[in-house]
Protein chains: 2
Amino acid sequence: MAKGFNLSIIGATGAVGLKFLECLDKRKFPVRELRAYASERSEGKVVHFGGKPVRVRKLTEEAFEKCDIALFSAGSGVSKEWAPIAAKRGSVVVDNSSAWRMDAGVPLVVPEVNPQDIRKHKGIIANPNCSTIQMVVALKPIHDQARIRRVVVSTYQAVSGAGGRALEELREQIVSSVQGDGLAHPKLFPRPVAYNAIPMIPQKDAFNEEGHTVEEIKMVNETKKIMGDPSIQVCATCVRVPVRTGHSESVIIEMERPLSPTEAVALLRKAPGVIVKDRPEEFPTPLEIEGKGEVFVGRIRMDPTVKNGLAMWVVADNLLKGAALNAVQIAEHLART
Amino acid sequence: MAKGFNLSIIGATGAVGLKFLECLDKRKFPVRELRAYASERSEGKVVHFGGKPVRVRKLTEEAFEKCDIALFSAGSGVSKEWAPIAAKRGSVVVDNSSAWRMDAGVPLVVPEVNPQDIRKHKGIIANPNCSTIQMVVALKPIHDQARIRRVVVSTYQAVSGAGGRALEELREQIVSSVQGDGLAHPKLFPRPVAYNAIPMIPQKDAFNEEGHTVEEIKMVNETKKIMGDPSIQVCATCVRVPVRTGHSESVIIEMERPLSPTEAVALLRKAPGVIVKDRPEEFPTPLEIEGKGEVFVGRIRMDPTVKNGLAMWVVADNLLKGAALNAVQIAEHLART
């Protein structure tokens with residue numbers, strides 16, 4: 001076998017699919033052959049990898065012939081159906097959807113947090129939810145030192161988390177407001193997203209019987225699984241804001257042992273994949289970190305309202321660390337083993 | 001004395017000043033004479049009240065001659081200097097700035113929460129911070145029933161909270177982005193506010209030594225004073241989002257006694273100035289409540305991560321209930337006594 005891996009990208013024309021290609025190229029992933037797949041609707045489209053055009057094919061079993069790693073980002077339905085087929089044919093799937101994340105036999109991995117779980121895979125590895133990834137990258141070094149008991153997180157999530165068409169919907173509303181036509185009618189989102197804050201993610205099937213959204217439950221369950229500690233309590237409120245790319249999070253934690261802001265900064269400085277902004281006025285914002293791969297942590301301060309409390313502001317590019325980059329990092333671990 | 005009151009509006013040309021005029025008119029406040037004041041820069045401008053033009057004068061002591069009630073919204077500096085002068089001349093000041101809020105001799109009032117404090121005034125009554133007002137309106141009935149011990153709040157604050165020029169800055173950035181010119185350079189805000197989330201309010205002198213912003217400290221201290229309970233702990237993270245008008249808040253509370261979401265909904269249904277959206281998908285958003293005077297509460301749910309925990313989403317028009325309307329409601333109480 002020649003040096004390099006055969007990769008199939010499933011969902012290659014989507015917002016995250018395109019970022020897969022960008023990350024693989026930028027990080028010089030050892031690719032031998034790269035194939036691109038999408039739904040029938042996108043068949044024949046062309047994407048680019050390493051400056052060369054790649055024709056998009058309709059997804060069939062052929063995608064997993066002589067395929068080492070298959071990166072999926074085509075929605076839960078596609079992953080549910082096709083990931084087992086891919087695994088059976090010998091590919092290792094890195095799946096960006098929520099389909100397999102809570103499956104006991106599927107590792108859920110953030111390489112900075114639980115790289116050891118990668119080797120437990122049986123053909124499928126799940127990439128966590130975007131909001132969860134950036135939070136656990138920031139929390140892991142703190143948890144190791146001071147044991148986090150409870151997290152109260154409120155998110156400020158970007159529109160691109162809902163895909164390319166959602167970004168287009170924001171743009172249409174913004175343009176129509178500038179033209180004085182009011183806001184274009186919402187299609188994907190339950191309310192206009194321009195100039196608004198929508199406490200409901202995703203757009204459909206959002207609420208369980210207790211009134212929590214699917215996104216909030218993901219943050220609760222995925223955090224426990226990735227951190228390998230089911231005792232961590234997470235109270236999440238997930239909100240869409242008219243930011244194009246970059247999720248922000250107000251994260252308030254309660255720890256078993258005391259940890260000062262200065263100590264937290266020192267831990268985060270050493271942590272992989274984290275950039276700390278320790279002067280308060282240096283706080284990160286989504287607009288300025290777009291396109292960057294790290295998790296940015298700022299406004300680290302004491303929460304004096306509870307024993308061993310800390311507050312912080314966590315920002316990352318939801319399409320990169322929150323999705324494509326994390327998956328490509330998992331693929332890099334696979335490539336090294 | 002003829003029926004009706006002589007009112008002076010200090011800061012009549014500002015975002016809140018204009019809303020004073022609108023609220024007084026809409027609510028048919030018994031006005032005999034209304035005078036409008038602003039800085040020298042705005043002298044000679046014309047505002048409208050009850051369909052009639054009112055010429056804006058430069059603020060001098062004359063403003064408080066035969067003036068029953070003076071509504072101030074011209075910044076802390078003006079209030080600090082002029083409110084005592086007004087009070088000395090026999091006017092009752094309702095001050096929208098932060099200048100007098102934490103003064104022990106000055107009542108800090110939200111009429112739905114602590115109307116009894118109005119009559120303790122010695123010539124000055126302070127109108128609380130916008131973010132605090134809407135939160136305490138939602139929390140008071142819950143506190144009375146179940147005693148709130150701790151509040152963790154993360155805000156999603158509108159640009160109009162920083163005034164008319166801030167709205168213009170958002171508009172310029174939006175327009176330049178639509179025209180493909182990138183984002184116009186920030187002037188008032190520390191970062192571009194369009195497509196962004198800025199965890200720093202206000203724009204200047206924002207952080208104390210512990211890393212909390214002035215706005216966050218206001219929420220901590222004002223909540224205790226208005227609720228008349230210094231034992232309530234508040235952990236606040238205040239964030240500006242590209243919403244024009246309407247502040248939203250993710251509010252997580254811990255109570256001394258258990259209170260179910262159903263019981264909380266029932267309490268809030270009876271509470272003055274509150275509109276409850278009890279079906280999860282009816283959540284309020286800032287865009288749809290703009291121009292309304294009530295505090296909207298939705299997404300009321302259990303927070304199972306703590307004993308006696310509740311989570312909710314609180315939205316109000318920051319220029320109305322968060323500022324001008326609350327002040328006019330205080331003036332109405334004064335007019336009745």
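Chain A is superposed on chain B by a rotation of 180 degrees with 0.0 Å of shift along its axis (RMSD 0.0 Å), with least-squares fitting on the C-alpha atoms of residues with pLDDT of at least 70 in both copies. This is the relation of a two-fold axis. The model is predicted: local features need pLDDT of at least 70, side-chain atom pairs count only at pLDDT 80 or more, and totals for chains, interfaces and linings use all residues. Residues are numbered from 1 along each chain as its sequence is written, and chains are lettered from A in the order in which they are written.

At the interface, 47 residues of chain A are in contact with 47 residues of chain B (C-beta atoms, placed from the backbone, within 7 Å). Elements of chain A that each supply at least two residues to this side include strand S8 (148–156), helix H4 (164–178) and strand S13 (309–316). The residues of this side divide into 28 nonpolar, ten polar and nine charged. Of the interface residues of chain A, 100% are also interface residues in chain B, so the copies meet through the same surface.

Within chain B, helix H3 (residues 130–146) and helix H6 (residues 261–270) pack with their axes 9 Å apart, at an angle of about 120 degrees. B:Ala138, B:Pro141, B:Ile142 and B:Gln145 of H3(B) meet B:Ala264, B:Leu267 and B:Leu268 of H6(B).

Notes
Two residues are in contact if their C-beta atoms, placed from the backbone, lie within 7 Å. Helices (H or I, at least four residues) and strands (E, at least two) are DSSP runs, numbered from the N terminus. Ala, Val, Leu, Ile, Met, Phe, Trp, Tyr, Cys and Pro count as nonpolar, Asp, Glu, Lys and Arg as charged, and the others, Gly among them, as polar. Axes are lines fitted to C-alpha atoms, for helices over the stretch in contact, and angles run from 0 to 180 degrees between N-to-C directions.
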